[in-house]
Amino acid sequence: MPPAVCILGCGRWSMGDDQAGLRVAELIADHALPQADVRLSESPGTDLADGSFASADLLVLIDAAPADNAHPSGSFLRLMYPRDAQRLRRKTSGDSHSIGIAQGLELAQTLQALPKRIWIYVVFGEQFDRSLDMSTSVSRAITPLAERISRDVDELNNQPHP
């Protein structure tokens, strides 16, 4: 039996490129991985700590981060948690009413509420101001990232299980 997969698309609908994780997760739910448990969250740090992902074999997080010299807008990469925990960028700006993904993962880990395998896909964006529109480069990355996640999960599902 293939591993149970939970996918959490993260972001804010009204913050430009920050909605990329939500859009990718929607696409995966509609077309790419219909057997996965796909959820959308505008408060992923809190959602991670509630324990609802603990029984999954794989948790896939999809989120946006500001582009930089090494990661241009529209590019994406996969991180592994906890191996790449130090690379997670803090997305909150001191808001005491919300916690970011890094803090949510740490809290869930402390509570032993995480699956053993966690992949974090980061799509890099350029426009995080209040807007319902994403930048062209991030809009163009939505389908390729959904396809990449689907391929990665399919490869995992096709590996022999002990």
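Here are a few exercises with worked solutions on side-chain interactions in this predicted model.

Residues are numbered from 1 along each chain as its sequence is written. Because the model is predicted, local features need pLDDT of at least 70 and side-chain atom pairs count only at pLDDT 80 or more, while totals for chains, interfaces and linings use all residues; side-chain values use heavy atoms, leaving out hydrogens and water.

**Exercise 1.** Work out how many salt bridges a search of the whole structure finds, and describe the one between glutamate 26 and arginine 23.

*Solution.* 
- Start with the criterion: a side-chain nitrogen of Lys or Arg within 4 Å of a carboxyl oxygen of Asp or Glu.
- The search of the whole structure gives five salt bridges.
- For glutamate 26 and arginine 23, the N to O distance is 3.8 Å.
- Now place the pair: both belong to helix α1 (residues 20-32), three residues apart, so about one helical turn separates them. Helices here are DSSP runs (H or I, at least four residues), and strands are too (E, at least two), numbered from the N terminus.
- Finally, check accessibility, where buried means under 20% relative accessible area, exposed over 50%, and partly exposed in between (1.4 Å probe, protein chains only). Glutamate 26 is partly exposed at 30%, and arginine 23 is partly exposed at 32%.

**Exercise 2.** Is arginine 83 buried or exposed, and is its salt-bridge partner aspartate 84 buried or exposed?

*Solution.* 
- Take the contact itself: the closest N and O atoms of arginine 83 and aspartate 84 are 3.1 Å apart.
- Arginine 83 has 57% relative accessibility, so this residue counts as exposed.
- Aspartate 84, with a relative accessible area of 9%, is buried.

**Exercise 3.** Classify the aromatic pair formed by tryptophan 119 and tyrosine 121.

*Solution.* 
- A pair of aromatic rings is described by the distance of the centres and the angle of the planes.
- Rings of Phe, Tyr and Trp (its six-membered ring) pair if their centres lie within 6.5 Å; planes under 30 degrees apart count as stacked, over 60 as edge-to-face and the rest as tilted.
- Tryptophan 119 and tyrosine 121 lie 6.4 Å centre to centre with 80° between the planes, an edge-to-face arrangement.
- Tryptophan 119 is buried at 6%, and tyrosine 121 is buried at 0%.
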